[in-house]
Amino acid sequence: MTQLGSTASSCAAQWKMWHVKVFSVIYFTAVCAAQDPQDVTSVWSDFNPTTLPPTSMKIGTVYEPPVPSVQQLSGWSDVFPSEKVELSCNVTGISDWTFSWYKDKKPVQDPDVSAEGSKLTITAATQTQSGDYSCKGHHKTKSGVNIESTNSVKLTFHAIKPNPTLTQSPNFNKMYPGESVTFTCKVTVSSGWKYLWYHNGTEIQASNSTTYTMESIGHPNSGRYHCIARRGKDPFLQLQSDTKTVEVTDAPKPFLKKMSSWLDVFENETVGFSCEMENSDDWTFTWYRNQKVLPDDLNLEQDESFLNITWITQADRGDYTCSVQLGSRKGSTGFSNIATVKVYEKTPKPTVSKVPGFNPMYVGETVILTCNVNVSTGWEYHWYKDGAELSANDETMSIHLDPSDQGKYKCSATRGEMTSTDFSEEILQDVLAENAQWPDVFPEESVKLSCGMSSSSEWTYMWEKGGQPVLAPIASFDSNGATLHIRSASATHAGEYNCKGHLKDRLVSSNSSVGLTLTVYDKKPRVTLTQDPEYKVVFSGESVYFSCHINVSTGWEYLWKKESSPLIATRNHYSISSVGTANTGSYTCQARRGTDQVFLTDPSPVMPLQVKGNKPKPLMTQRPDVYKVYTGESVSFECTVTLSSGWEYHWYKDDKQLPVNDSIFNIHNAGLSNSGTYKCMAVRKKTTYQTDYSDTRILSVFEIPVPSLKVETPWRDVFPTESVKLSCGMDGTSDWKYTWYRDRQPVQADNTVSFDSDRATLSISSASSSHRGQYTCTGELKTRPVSSNYSSTETLDV
């Protein structure tokens, strides 16, 4: 028994030791499992009992807990304000677990972080949220089983949202129709961005690519462009770029200017052209004849904007134009105006005419010869009498006849160094001594008729009028009757006069002479005074030309007076080449003729002349009379000179002359390029006299601003019955009034929605679901019909 008891006691002791070791292993396994799953295996492997348990005892399976891992459900580790990040703590048998979250090994304590189940949602607010995020699983039923995740997720939170960078290529100030332009929108931070494109505030239906290209731009493509980068799920994170403005304008059209004096030419002459543009950009010029590019030819000298055609031939006739292209840009400006070159096959022959057409004419009369070439212009004339060249070179030649002027006249014409015409036909001019000074006289004018025989002086003479003898006192006669003198003509003296000669001391009589008809007018002739130019007021330095006209008879000499003082002039014109204030006064003219007994006409009506010493200064006005205008508006300038008339107006922008000659200069659909300093001046059309420049006006053209929309209340998501206030404004100016839109539909005032005086503030007194939506606004200028594009969008959640 003793041995059996001893055996039993020994066995009991072994069972006790076995139990202690088993429970120790279970305890340490549980503790280690909470710290590191590998520890469980380690602890169990360290357990190596030297004494095996009784063979009749069974041992239970040891629990090995799963290990959780952190997974980022949203796509980006760079996070910006208002974005949300979702993390998930994944573990096998997830429903048996609860979870706690850590940032940089410290429990997450952040009001912008929410945890639900195995998910953690972080709303980006500050940079302090950046860090390594991990999780720990806690088994719901197995007490003390707490397992940390094997990994962590690093998140970087940014304090401000990045701005997309919008670039334009090519980046020209002005685009021409047909050119290509590409915009590039890029956010350099993080990834996952999709891009939306907008034109004048309206979304463009384009791909979400980082680039937007217009292959062939047109006028409708003018305006403001911007892009929005967005990512995530609704609500999206949206980032708006700055605005790029594209101005599509017709390429400036070249002006073809002729550099030679004429375009209808003769063979071997030269014609020159200049292709002119408003500015001096890097233009490339192309020349055309009959819409075909000019070939390389020895007689075609092409030097950029100049074309000279030398030694011209019939092959050079046609319509000439030019076009220009700016640098390497697509397209050209189109054709300029057309200049037609006409090449004559042969030189013309001039014709000679004379006024009056009488032949013969008498000593003292004036004849005007005219040489006419009826083809082209620019002729210089050469006159010849009896084959000898005269000094006159004008188209007309006036001759105050004396006996030496009798002869045959002809002319020719030359132009330049290469062209000369044939001689005209000859015209004969006979000059005779007068039997009467003039055959038409006026009441009270004296008349002398003479009768003579060239072969002898032994003759006496008898006079007849209408077949009846002329006796005193109708007229008086000299000693032999050779001169008949009427001292004061009247209507009774009119008629045809003849004379006969009687040889003294012999009964020999001549035949009657050829009849001479004497015309007696019923009244004095009227003198007409004209002024050229006909300006009532002239300015120092201008020229004035007075003409005195009498339209009957001949032999007149002219008397000129200013006020009552005679002027030194006897011809039918009086000119002042450069007037001064001393020339102010009233001018008259009077005609006279005769020597023994002078006949005077009545004076002409008075012609007043007013001379101003100071140059006038034009007045320039602007409509609308504002310093700042916006793109698309119309602006009108007017230049006026209140003194006198006959003005042509010249306009200047930034001291460069504009191709406008009217008193009004209009700018339609103003663009940024119309900004500048404007002035005007006036030039007389006839005298080329120039006024001073007007005062300058500075015109500033601005893009129509886009209003700024703000939420004045501290939050964008509100609850029913809360009040909300939105504001719309233009850089602090009060010149605008505003229109509000919700989801692009106009917002009207009602019981809960109200506006201030300019509708700059929209107030919602009691919010409801009907107020939910995207709000935008536009501005309209109070004084002019100018409207802005839509503002940026603010979303109101109720």
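Hi everyone, thanks for coming. A word on the ground rules: this is a predicted model, in which local features need pLDDT of at least 70, side-chain atom pairs count only at pLDDT 80 or more, and totals for chains, interfaces and linings use all residues. Residues are numbered from 1 along each chain as its sequence is written, and side-chain values use heavy atoms, with hydrogens and water left out.

Let's begin with the whole protein. Its secondary structure comes to two helices and 70 strands; helices (H or I, at least four residues) and strands (E, at least two) are DSSP runs, numbered from the N terminus. Of the 798 residues, 39% count as buried. Buried means under 20% relative accessible area, exposed means over 50%, and partly exposed is in between, using a 1.4 Å probe and protein chains only. The protein exposes about 45,000 Å², and carbon and sulfur atoms supply 49% of that; the areas come from the Shrake-Rupley method with a 1.4 Å probe, and for residues only the protein chains shown count as cover. Among contacts with a separation of 6 or more, 62% are between residues 24 or more positions apart, where contact means heavy atoms within 4.5 Å.

Now to the aromatic rings. The whole structure holds 25 aromatic pairs. Rings of Phe, Tyr and Trp (its six-membered ring) pair if their centres lie within 6.5 Å; planes under 30 degrees apart count as stacked, over 60 as edge-to-face, and the rest as tilted. Take tryptophan 556 and phenylalanine 599: their ring centres are 6.2 Å apart and their planes stand at 45°, so this pair is tilted. Tryptophan 556 lies in the loop between strand 48 and strand 49, while phenylalanine 599 is in strand 53, so the pair ties together parts that are 43 residues apart in sequence. Tryptophan 556 is buried at 14% relative accessibility, and phenylalanine 599 is buried at 5%. Ring pairs also link these two with Phe442 and Tyr521 into a cluster.

My next pair is tyrosine 652 with tyrosine 693, which is edge-to-face, with 5.4 Å from centre to centre and 80° between the planes. Tyrosine 652 belongs to strand 58, and tyrosine 693 to the loop between strand 61 and strand 62, 41 residues apart. Are these two tyrosines buried or partly exposed? Tyrosine 652 is buried, with a relative accessible area of 9%, whereas tyrosine 693 is partly exposed at 39%.

On to the strands. Strand 22 (residues 283-289) has five of its seven residues buried, so it is largely enclosed by the rest of the structure. Seven bridges join strand 22 to strand 26 in the antiparallel sense; two strands pair if DSSP finds at least two bridges between them. Strand 23 also runs antiparallel to strand 22, joined by two bridges. Arginine 289 stands opposite tyrosine 320 in strand 26 and opposite lysine 292 in strand 23. In the hairpin of strands 22 and 23, with two residues between the strands, asparagine 290 takes a positive phi near 55°.

Strand 51 shows its two faces well. In a regular strand the side chains alternate between the two faces of the sheet. Here Tyr574 and Ile576 make up the covered face, and His573 and Ser575 the uncovered one. Strand 51 pairs with strand 48 in the antiparallel sense over four bridges, and histidine 573 stands opposite serine 547.

There is also an open sheet of three strands, in the order 55-57-60, with antiparallel pairing. Strands 55 and 60 stand at the edges, each with a single partner strand, so one side of each is left without a neighbour in the sheet. Strands 57 and 60 share four bridges, and phenylalanine 637 has phenylalanine 665 as its bridge partner in strand 60.

Last stop: methionine 175, in the loop between strand 11 and strand 12. Methionine 175 counts as buried, at 0% relative accessibility. Leaving out residues up to four places away in sequence, methionine 175 touches several residues, including Pro170, Ile217, Val248 and Arg329.
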